[in-house]
Amino acid sequence: MKKKVISAMIIMTMMTGLLAGCGKSSGSEADKESGGKKKVTVWAWDVEYNIPVMEEAAKRYEEKHSDVDIEVMEYAYDDITQKINTNLSSGITDGLPEIILSEDANVQKYLQSYPGEFLDMQDKVDFDNFADYKVQVLSLDGGIYGVPFDIGTEGFFYRKDYMDQAGITEDQLTDITWNQYIEIGKKVKEATGKDMMTLDPNSMTIMRDFMQSSGTWYFTEDGSVNIADNPVIEEGANIYKSMMDNGIIKLTTGWGEMAAALNNGDVASIVSGCWIVPTITAQEEQSGLWRVTRMPRLNVEGGTNYGNRGGSNWLVLKNSENAEIAADFLNEVFANDVDFYDTILTDIGAIGAYKPAQSSEAYSQGVEFFGGETIWKNFAEWAQSVPPIRVGVYSDEADTVLISGMSEVVNGTKAVPDMLKEAEKLLKQQIDQ
């Protein structure tokens with residue numbers, strides 16, 4: 001009976017994988033014929049950002065390579081992840097595209113879970129032209145699997161009018177520690193009644209900020225859990241509690257509430273990736289009121305004022321029919337075309353990870369909304385100082401145990417060191433370490 005159940009499960013898994021390759025997919029040999037042209041299919045999400053960027057790249061490549069047809073297909077982020085996991089775990093590559101978009105935090109999961117499925121780009125692309133931390137994301141066992149796309153360089157965005165009311169100058173906001181940030185927040189709250197920033201209690205995004213900017217993570221490079229004795233995580237937990245204790249935080253859940261707090265003027269600042277700019281500038285009447293400087297740092301060894309939140313990369317599926325053409329396409333446009341990066345910055349607001357682009361005129365233009373500051377140039381330059389890290393496979397699981405633990409710290413039922421020891425123990429149990 002047990003054998004029958006297992007056989008049924010295998011059949012269902014295979015069928016699920018096959019179904020994942022149907023529908024919109026263009027991965028079959030028949031689909032690869034496009035008027036006699038060689039077809040490259042790309043899967044990405046976000047019709048306002050990633051899709052138009054890739055369409056611009058495709059247009060440029062097709063103009064020089066008339067025998068190639070690049071089809072850009074829009075799927076939700078979760079759908080892409082599910083389709084890739086379902087097919088590759090089943091050993092079924094039919095129906096998959098040549099190129100997929102992957103966030104920084106998800107790359108290592110793909111590479112370590114599916115060895116041999118992604119194309120090593122090390123000999124195809126000059127990676128010296130990309131920020132080190134972005135190359136680190138794509139690196140595993142001597143290979144570099146993909147091409148960096150955009151960056152999520154972090155900044156400390158603040159309302160100048162609120163800071164003026166509190167008597168806080170620009171110099172007092174630059175290259176500060178998180179402890180200084182809290183003290184500034186207390187002054188702003190007293191002077192304006194506004195909270196300093198939003199925070200989602202169901203997320204550990206801020207802990208990831210602390211770690212990224214300090215060059216460490218939940219795990220060591222060999223994958224061992226690195227929580228209980230990690231001074232960065234301990235200091236980060238103390239800062240988290242201090243912000244809550246000092247009443248400078250507006251609790252929000254999800255993107256919508258956070259964006260509303262910014263646009264309604266409920267908070268004086270936000271520390272986030274550079275991709276938050278379109279959300280801030282959506283409120284046109286606030287033009288000229290905002291500024292941005294480098295993010296705060298932890299007062300620990302290795303702590304810096306440079307971090308990254310988000311950002312993504314293009315990965316080539318090694319066993320896809322036109323993988324080599326896909327690799328050439330990514331190299332020609334995303335690793336060589338400065339004008340392309342000027343265009344996507346100006347038209348879409350996308351800041352690429354390609355270093356030569358930062359010296360172009362488009363990056364040097366002042367942005368009126370931020371008082372004429374050259375924010376694009378600043379973000380591109382700051383990206384070069386972001387500490388490289390390796391996030392491993394189980395970061396989401398680590399987030400979950402920390403979310404639960406921090407709630408106990410905030411309500412005073414558990415001290416930070418005890419909570420971290422318990423969190424590490426729980427995480428090891430979950431991942432069998």
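Into which domains is the protein chain divided? In this predicted model, the chain is split into domain 1, made of residues 38-151 + 311-360, and domain 2, made of residues 153-308 + 388-432.

**View 1. The two domains and the area buried between them.** The C-alpha centres of domain 1 and domain 2 lie 29 Å apart, and twelve residues of domain 1 are in contact with twelve residues of domain 2. Between them the two domains bury about 1200 Å², with 53% of this area on carbon and sulfur atoms. On the side of domain 1, K109, Y133 and Q136 supply 42% of the area buried against domain 2, which is more than any other three residues supply.

**View 2. Polar links across the interface of domain 1 and domain 2.** One salt bridge is found across this interface, together with four residue pairs in polar contact. The elements that give two or more residues to the side of domain 1 touching domain 2 are α4 (104-113), α5 (132-138) and β5 (139-140), and among these α4 gives the most, with five residues. Sorted by class, that side of domain 1 has five nonpolar, four polar and three charged residues.

**View 3. The pair K109 and D396.** A salt bridge joins K109 to D396, and the closest N and O atoms of the pair are 2.9 Å apart.

**View 4. A salt bridge with a buried arginine.** R159 forms a salt bridge with D161, in which the closest N and O atoms are 2.7 Å apart. R159 has a relative accessibility of 6% and therefore counts as buried, the limit being under 20%.

View 5. In the salt bridge between D245 and K241, the closest N and O atoms are 3.2 Å apart. Because D245 and K241 are four residues apart in helix α9 (residues 231-245), they are separated by about one helical turn. D245 is partly exposed, with a relative accessible area of 48%, and K241, at 25% relative accessibility, also counts as partly exposed.

**View 6. The pair K414 and E408.** K414 and E408 form a salt bridge whose closest N and O atoms are 3.7 Å apart. K414 counts as partly exposed at 25% relative accessibility, and E408 is likewise partly exposed, with a relative accessible area of 28%.

**View 7. A network of salt bridges.** The structure holds 20 salt bridges, and a network of such bridges links E56, K59, R60, D337 and D339.

Terms used: Residues are numbered from 1 along each chain as its sequence is written. This is a predicted model: local features need pLDDT of at least 70, side-chain atom pairs count only at pLDDT 80 or more; totals for chains, interfaces and linings use all residues. Side-chain values use heavy atoms; hydrogens and water are left out. Domain bounds come from an automatic or database domain assignment. Contact means heavy atoms within 4.5 Å. Buried area is the accessible area (1.4 Å probe) that two parts lose on being put together, summed over both. A salt bridge is a side-chain nitrogen of Lys or Arg within 4 Å of a carboxyl oxygen of Asp or Glu. A polar contact is a pair of N or O atoms within 3.5 Å; within protein, one must be able to donate a hydrogen and the other to accept it, and residues adjacent in sequence count only if both atoms are side-chain atoms. Ala, Val, Leu, Ile, Met, Phe, Trp, Tyr, Cys and Pro count as nonpolar, Asp, Glu, Lys and Arg as charged, and the others, Gly among them, as polar. Buried means under 20% relative accessible area, exposed over 50%, partly exposed in between (1.4 Å probe, protein chains only).
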